[in-house]
Amino acid sequence: TILMKGDVKRQEFEALNPLLLSVYKKLIPPPEEVLKQRKFLTHLDRLVSRDWGGAKLFLFGSCANDFGVCNSDIDVCLSVDDEHSSKAELVMKMAGILRSDNMQNIQALTHARVPIVKFTDPDTGINCDICVNNMLAVVNSKLLHDYSQVDPRLRQLAFLVKHWAKQRQVNETYRGTLSSYAYVLMCIHFLQQRRPAILPCLQSMQPTYEVTVGKIKCAYFDKVNTLRNFGCSNKETVGELLTHFFDYWASCHDYTRSVISVRTGGYLSKDEKDWTRRIGNERHLICIEDPFEITHDLGRVVDRNSIRVLRDEFKRAAKILHQDSNPATALFEPF
Ligand code: CTP
Ligand code: MG
């Protein structure tokens, strides 16, 4: 048989794909960990309903959005209707309740941009962060979760990208690199752009889910079980997708002009977002629009130095996936 150019490429990925899938499988939390998390959350829920009438807990972040790897911290949002107390005061009150329940390592970070209380549950060893009245995070976690139900390749790709980012130390917002949340949005956007598309744009479909958080209206199509076949005419494997993902961020993305937007399922210009210049500490050197808080650029934490680090890491990853004889090891090598 005569091999075509595309076939040669396919063969390159044929060896890569099982290697990457086995890395992915090792990252999935085992059932006993999921059970442990449930047990912990039930306990926390009882504690709050007993000691704080009217307060409710919501799960968000990686435990709620289906992108949680083994041993992730648990993110919880406390929802309470209290106009007279500041978020810092509410966090202090929560810390008091946790103290009376003998939780360990309790730290109330009341001066952080988003005040939280951090602690460890001595029974399960689980680390938990609780923030207050941050319902947008609960809603965007649901959006991510709903996208993950459309095509299994999103979860595979995002696990590998998150794992890579942690190993290479480019998942540290306090040092100017990107949050896990930003990386998952980059993966969703990337799969929306494949031809044929692997993911739809849920926010441009007829809404079946609508909530208003503060002034922000969040609406999208959430009957995702009807979309299970959406991406099936695209046969790309996660090996190919991960390679193209890094190719894209290494050499195709227009860092000067372009904004990626999961909300619209496409690209916007920095001009139309007015993200063309530095304002305060926000530099917009890589632009990732938040799907609901659309004035938020998740790349705003990236500075002159960390953009270089990031782009060098994208290039390194792309090169390894194309050339290395043992790509799965080199790719995730700790920095
Ligand atoms: N979040 C947000 N805006 C940001 C960063 C985070 O709204 N700029 C919210 C999102 O709801 C996200 C959650 O905070 O799901 C947790 O963020 P992050 O820790 O980045 O993601 P996780 O999925 O929890 O990843 P990890 O496994 O690394 O903890
Ligand atoms: Mg988290």
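Start in the middle. The model is predicted. Select the largest nonpolar core, which has 72 residues. Within this core, Leu157, Trp164 and Phe246 touch the most other members. Now color helix 6, residues 180–193. Helix 6 gives the most to this core, with ten residues. Nonpolar side chains tend to be buried together in soluble globular proteins.

Next, center on Leu157 and show what surrounds this side chain. Which residues does Leu157 touch, leaving out those up to four places away in sequence? They are Cys187, Phe190, Leu191, Val238, Leu241, Leu242 and Phe245.

Then hide that core and select the other one. A second, separate core holds 25 residues. Leu47, Ala55, Leu90 and Phe119 are among them.

Move on to helix 1, residues 5–27, and pick Leu27 in it. Is Leu27 buried or exposed? Leu27 counts as buried, because its relative accessibility is 12% and the cut-off for buried is under 20%. Show the contacts of Leu27: Val69, Cys70, Phe159 and His163, with residues up to four places away in sequence not counted. Now draw a C-alpha to C-alpha distance from Leu27 to Gln156. The two are 129 residues apart in sequence, and the distance in space is 9.7 Å.

Select Ser62 next. Where does Ser62 sit? Its place is the loop between strand 1 (56–60) and strand 2 (74–79). Ser62 lies in a loop, yet counts as buried, because its relative accessibility is 15%. Display its partners beyond four places in sequence: Phe67, Gly68, Ser72, Asp73, Asp75 and Lys162 are in contact with Ser62.

Now zoom out to the whole chain. Switch to cartoon: the protein has ten helices and ten strands. Along the principal axes, the C-alpha atoms fill a box of roughly 70 × 45 × 40 Å. The radius of gyration is 21 Å; this agrees with a compact globule, because one of 335 residues would have a value near 20 Å.

Of the 335 residues, 51% count as buried.

Look at contacts across the sequence. Take those between residues at least 6 apart: 63% of them join residues at least 24 apart.

Finish with the charges. Select the 44 positive and 40 negative ones. Their mean positions are 3 Å apart.

Key:
Residues are numbered from 1 along each chain as its sequence is written. Chains are lettered from A and ligands numbered from 1 in the order in which they are written. This is a predicted model: local features need pLDDT of at least 70, side-chain atom pairs count only at pLDDT 80 or more; totals for chains, interfaces and linings use all residues. Side-chain values use heavy atoms; hydrogens and water are left out. Helices (H or I, at least four residues) and strands (E, at least two) are DSSP runs, numbered from the N terminus. The radius of gyration is taken over C-alpha atoms; the globule rule is 2.2 Å times the number of residues to the power 0.38. Buried means under 20% relative accessible area, exposed over 50%, partly exposed in between (1.4 Å probe, protein chains only). Contact means heavy atoms within 4.5 Å. Lys and Arg count as positive and Asp and Glu as negative; His and the chain ends are not counted. The place of a charge is taken as NZ of Lys, CZ of Arg, CG of Asp or CD of Glu. A nonpolar core is a set of buried Ala, Val, Leu, Ile, Met, Phe, Trp, Tyr and Cys residues joined through side-chain atoms within 4.5 Å.
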